[in-house]
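Hi everyone, thanks for making time.

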Amino acid sequence: MRYHTPTSFADAAAIAAATTGTLRFLAGGTDVLVQMRAGMVQPDDLIDLKHIPGVDRIEKTAEGGWRIGIAVPGIVLGGHTELVRDWPGVVEGMNLVGSTQVQGRATLAGNLCNGSPAADSVPGLFAAGAVVTVTGPNGSRDIPVEKVPAGPGKTNLAKGEVISSITLPPRGKNGGDAYLRFIPRTEMDIAVVGCAVSLRLDGDKVAEARVALGAVAPTVLLSEACAKAIIGTTLEDAALVALAKAAEGEAKPISDKRGTREFRIDVAGVLARRAAKIAYDRAKGTSK
Amino acid sequence: MRKIHVTTTVNGDPVEFLADPRETLLDALRNHLDLTGTKEGCGTGDCGACSVTVDGTLVCSCLMLAAEANGKRVETIEGMAKEELHPLQRKFIEHAALQCGFCTPGILVAAKALLERNPDPTDTEVRYWLAGNLCRCTGYDKIIRAVQDAAAEMRQEHRGAA
Amino acid sequence: MAKVHLWASLRRFADGQEVVEVEAATVGQMLDALEKAHPGLGPAIKAGLSVAVDGEVIANNRAAPVKPDSEVFLLQRLKGG
Amino acid sequence: MARDEVKTGYKYVGTRPNRPDGLDKVTGRARYGADFSLPGMLWAAVVRSPHAHARIVKIDASKALALEGVKAVVTRADLPTGLEGEDLNLQDNTLAGEKALYDGHAVAAVAATSQLLAQDAARLIEVTYEVLPHVTDVDAAMAPGAPVIRPGVADYSVPEGMHGNVARYMEFGHGDVEAGFAAADVVREHTYKTEATHQGYIEPHAAVGQLGEDGRGEMWVCTQGHWYIRRMSAAVLGIEAANLRVTPSEIGGGFGGKTTIFMEPLTLALSKKAGGRPVKLVMSRSEVLRATGPTASASMDVKIGMKKDGTITAGQVFFRMQGGAFPGMSPIGEALPCAFACYDIPALKHEAVEVIANRPKAAAYRAPGSPMAAFAVESMVDELCRELGLDPIEVRLKNGAKNGSKSSYGPVYNVIGLQETLEAAKAHPNYAIPLGKNQGRGVASGFWFNHGGETSVSLAVGEDGTATVMIGTPDIGGSRASIGLMVAETLGIPYEDVRVNVVETGALGVNEPTHGSRATFASGKAAVEAANQAINEMCKRAAAEWEIDAEAVEWKDGAAHPAGPNAGKFPPMTIGEIGSKMGSTGGPISGHHEVTAGGYGASFGTHVVDVEVDPETGRTTVLRYLVVQDAGTAIHPAYVEGQYQGGAAQGIGWALNEEYVYGADGRLQNPIFLDYRIPVASDLPMIDTVIVEVPNPGHPYGVRGVGETGITPPLPAIASAIAGATGARIRSLPCSPPKVLAAIKALKG
């Protein structure tokens, strides 16, 4: 295995484009090293992105959003007061990935590129409408985050392409987001179901909403049906019932060692309701 | 396979070694530096027995390549006691917070990192911070008590010093 | 004579008897006498047995004493974790 | 030194001093299995079957051996033939013969100059398999048409006409069960299932072995019993046990799983092939989960009759247990006698079969068999209590075994403490705390026989008046401390003046492992005898010095005293004075004791747990947990509490989330701590403990052994608490959220 430490994304993309064998990028490493250890992947080339200047930074964009470097670990996201104030749901999703130790290494970009439908940080990014900057041999382009995952373990990035930053839009006024997941223990499990809700209020009414479901389909799902169920409502009981029904309808999960199909469908509805209420309260400013 | 020359600091000592690019920091600590106090329980970041700090951040050394440690500051269980035992180490013995002792180095390193960030944690905060450190012997009860007793003593000392 | 209680699925090797009386001063003598009287019990004894003599479980000690009025129960060889 | 409230008036027994190995274990200095290395050492890796059942057609290691730095490959062809019985089972499990019998079964091993190189080489060993039909579930293995995994495996006990996968059969009981059921007001009958779990010690198996051309070898290994490792490894390799010296490392947990061999002999076989270079082999976690440990899975029919006043009139069980692809490994012989051990019931019938399936060779796990049996029987007792509106502790007090009760497995109990644990649980404040919405309380009792076994201990008096004790039972949870306390008490010298060392096979007679809750009981008992022998000798030396009869000398407070009015007036002669002069008074003073220790006393416990269940997700939170258990005498109460808490935590894991999940392909789906979900710190509350002390008359300090009983009650107690919280009874462990939610939904219709 060749271990590369490029100092620019252009160099990283060039190295990646030139490889012929198995290639992996290394950001936090919390997935790649596990796969290597298990013998699932024996990379010929490993490109460590952490030597590229700026990858460990969180910056406010000119528009008032946040640009997050690809090597910013969960523990740093969680410690960033302003970011947490704007996007608590995104951060809490990331902070649910693994243990305290894993939080010292794991990154949003890595969690996204691992391509797991159960990735805890991804529904929050979907709901937030995050934009991903991708750098390849022919330069950089911005794509909506929901265009990245292609299926379990797969992304839509082309050969030689690498995520170079993730940008969250400006939160603006009267907005709130939340992420909830279901796991059998209190910590350390992969999500059996996850749900993120981001919404904006106009008075007591939901004016805008984005709802994302995790672990109920081959990729994280952005659900328009769920969003529709609560837009224009005050999240009264009927709206919550409609939201749960919509989430159950959107969920197309499999049965596996972590949960049955039926269970995942039920819990998708439960989590959608619960996450929406938290997001609503946050938008109202009645909870953190 | 070409090896990588790694220069780093472990428990304050400058060290260098040659690592296979696939070797983890845990492998390097144990097999190149003879620091076997850091344990491997799973190799997948699920048990925390390999906990160390790198530039002050708590990590699983099994989830980091040895090559990534180049130029970093690594702290392991072997560096925890200075002239005297760290209060956590002493309280773990006094409270019988270890049975087999295999998870103990990782838990001590993790608990120390917690108390440096939060000198007065609640039991729940201690439990969630240590959720990535599996212990199969104790049921965690005596571990939580030992961490809290050490924290109380450290707060007392801190006040005494101030 | 010590009374040796056989577990139910052993009885078919001892002419259906539930209790076999044997002359023995030790667990070893008791097992030898049992096998002599009922050769069909040989495989069970060879596979390893624990016994309880007057309430005390003896995992594996042929020298343990058996009294003339002892009540003995045969048990499968016990393992511990 | 803080003293606990004990009735005995001991000076050291019952105190909580620091354990002697504590310092090494908090500083990282303690050396565990993987922490040994030797000059010139090679590393090994194992090739494992990816199939649940397959004929091994061909093994081609040529590509691996062609790698520079690869020194040896071993396959079954390198092991001797002609083994029988359990030795053959052990050999079959060390390396597969004609067939691989489970996913993860070792097929070949390779040694190379580095761990990575050995792993690379293992990937290059090409094994050709012919896949065979498999079965992994215990009930499926008993179904008509199930593939017969090991034809001819049944032993003498199996009657004609049983399924070809049945390896052993057992039946016992007493009284007339049909009459008993007829006399009951309510008779209920259900099937309960428990899935296999793993001991889950955090330290993977590890060994360094060295074996020369002369057939002499050494091994450094993490194990609960190094004499077992020696005997079993020698048998598998066809070498003389006496030529093998085995040194136990510190051990990172065992719980029964490290009482036998798995890959250890491979280090020796590879070493011999590599010209005697030492070979180190450390299992990965997935190897540990796929190929070591687990306990049996069980399917259990239970029928119990109860009168309206709570009197149990009869009980009947039929257990089916699979312990993997090897006969003799399921704990039917323990599960059956444990099933009703907590009760005094006039009519009982027990039956069990051991079933062969394509799973790893089961190993002992903390009170083997007892947790499953308790889940079945204690769950059903709770169901009857709820149906009849009876208090579960009162029903157990009414039917529970007492001194003089005839046990469910035959013999009469002499001195036992079940009733005392029930009374203490009833009186505990936890039992009176009001429950909220979605909350429930579960109660269950549990039992373990405890064990004595082959034990050899020696003790040497030091010239400075200290004592060094050599024991052969590895210290897993503080037994050095408890044995040190008993020796200090016996010799009358400070605890700090007693050193307890766990020594290698060359330094003592044979010892059984630290298993069956026997270390503090049996090594302790032998250490006390060894100390008494040294005391006798010290009294003789004092008598000679004083020129009086040895019988006229008595030992107290660490010194020889003239006893009685005729002995003369001499100032006491301390152990330090005797020790400093022993070279000139007859030579070194030591004591030793060898025994197959009897006199062990059964241990009973009662647990009370409160849970809250999320009715929308089926997730269970343990709110509070109480363990009450009879220790006999708690030598070091902190480590007794630790055993209670640790046992409870393992039982909670088994009840809620731990399980072996096999796919349709017969492969283990969750061989990783991410998905084999043992409790983490945030899952558990503080675990309250009450140590009941009904001293065991068979031990000089009344010890019963405390390690195992604690894992038994949590399985039924948790399921019963969930039933209380939701109305839904889970009869198949684990009570995982999908199962609980489905049961809640089924209730709602």
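Let's begin where two chains meet: 37 residues of chain D are in contact with 24 residues of chain C. Before we go further, please keep in mind that this is a predicted model.

Which elements give two or more residues to the side of chain D that touches chain C? They are β7, residues 166-174, and α10, residues 332-339, both of chain D. With five residues, β7(D) gives the most to that side. And what kinds of residues do we find on the side of chain D that touches chain C? There are 16 nonpolar and 15 polar residues, plus six charged ones.

Now let's turn to chain B. You can count five helices and five strands in it. If you follow the sequence of chain B on the screen, the pattern reads β-β-α-β-β-β-α-α-α-α.

What about the overall dimensions? Along the principal axes, the C-alpha atoms of chain B fill a box of roughly 50 × 35 × 25 Å. Chain B has a radius of gyration of 16 Å, which agrees with a compact globule, because one of 162 residues would have a value near 15 Å.

Finally, take the contacts in chain B with a separation of 6 or more: 59% of them are between residues 24 or more positions apart.

That's my tour, and I'm happy to go back to any part of it.

Note on methods. Residues are numbered from 1 along each chain as its sequence is written. Chains are lettered from A and ligands numbered from 1 in the order in which they are written. This is a predicted model: local features need pLDDT of at least 70, side-chain atom pairs count only at pLDDT 80 or more; totals for chains, interfaces and linings use all residues. Two residues are in contact if their C-beta atoms, placed from the backbone, lie within 7 Å. Helices (H or I, at least four residues) and strands (E, at least two) are DSSP runs, numbered from the N terminus. Ala, Val, Leu, Ile, Met, Phe, Trp, Tyr, Cys and Pro count as nonpolar, Asp, Glu, Lys and Arg as charged, and the others, Gly among them, as polar. The radius of gyration is taken over C-alpha atoms; the globule rule is 2.2 Å times the number of residues to the power 0.38.
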